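Dear colleague,

I am passing on a structure for you to look over, and my notes on it follow below. Please read them with the coordinates open beside you.

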Amino acid sequence: MDRNKLEQLGDELRQLGHRRRELAEQIFQEVNEGDDQSSRELYKELSMISDQAIEIMTEQKQMFDQEVQKM
């Protein structure tokens with residue numbers, strides 16, 4: 001297993017997680033302030049980042065699956 005690749009994916013996932021948390025807080029604030037347009041735009045970004053995080057998690061899982069199959 002490529003440990004460097006695994007660590008890189010983990011770092012990317014952490015960064016995306018932090019950005020997702022920021023966006024969720026911003027969306028909550030915008031909704032409370034009644035700014036529907038801004039909250040929709042932020043949600044689109046949150047959705048895109050969530051998709052990226054899912055892709056990274058899937059890649060990590062595949063790496064582990066391959067390693068376990070070698071056992």
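In this predicted model, helix H1, residues 3-33, and helix H2, residues 36-70, pack with their axes 9 Å apart and at an angle of about 160°. Since angles over 145 degrees count as roughly antiparallel, H1 and H2 are therefore roughly antiparallel to each other. The crossing in which H1 passes H2 is left-handed, and the contact of H1 with H2 comprises, by class, 16 nonpolar residues together with seven polar and seven charged ones.

The largest nonpolar core has 11 residues, namely Leu-6, Leu-9, Leu-16, Leu-23, Ile-27, Leu-42, Leu-46, Ile-49, Ala-53, Ile-56 and Met-63. H1 and H2 each supply at least two residues of this core, although H2 gives the most to it, with six residues.

With best wishes

Terms used: Residues are numbered from 1 along each chain as its sequence is written. This is a predicted model: local features need pLDDT of at least 70, side-chain atom pairs count only at pLDDT 80 or more; totals for chains, interfaces and linings use all residues. Side-chain values use heavy atoms; hydrogens and water are left out. Axes are lines fitted to C-alpha atoms, for helices over the stretch in contact, and angles run from 0 to 180 degrees between N-to-C directions. Helices (H or I, at least four residues) and strands (E, at least two) are DSSP runs, numbered from the N terminus. Angles under 35 degrees count as roughly parallel, over 145 as roughly antiparallel, 65 to 115 as roughly perpendicular and the rest as oblique. A crossing is left-handed if the near helix is turned anticlockwise from the far one by less than a right angle, and right-handed if clockwise. Ala, Val, Leu, Ile, Met, Phe, Trp, Tyr, Cys and Pro count as nonpolar, Asp, Glu, Lys and Arg as charged, and the others, Gly among them, as polar. A nonpolar core is a set of buried Ala, Val, Leu, Ile, Met, Phe, Trp, Tyr and Cys residues joined through side-chain atoms within 4.5 Å. Buried means under 20% relative accessible area, exposed over 50%, partly exposed in between (1.4 Å probe, protein chains only).
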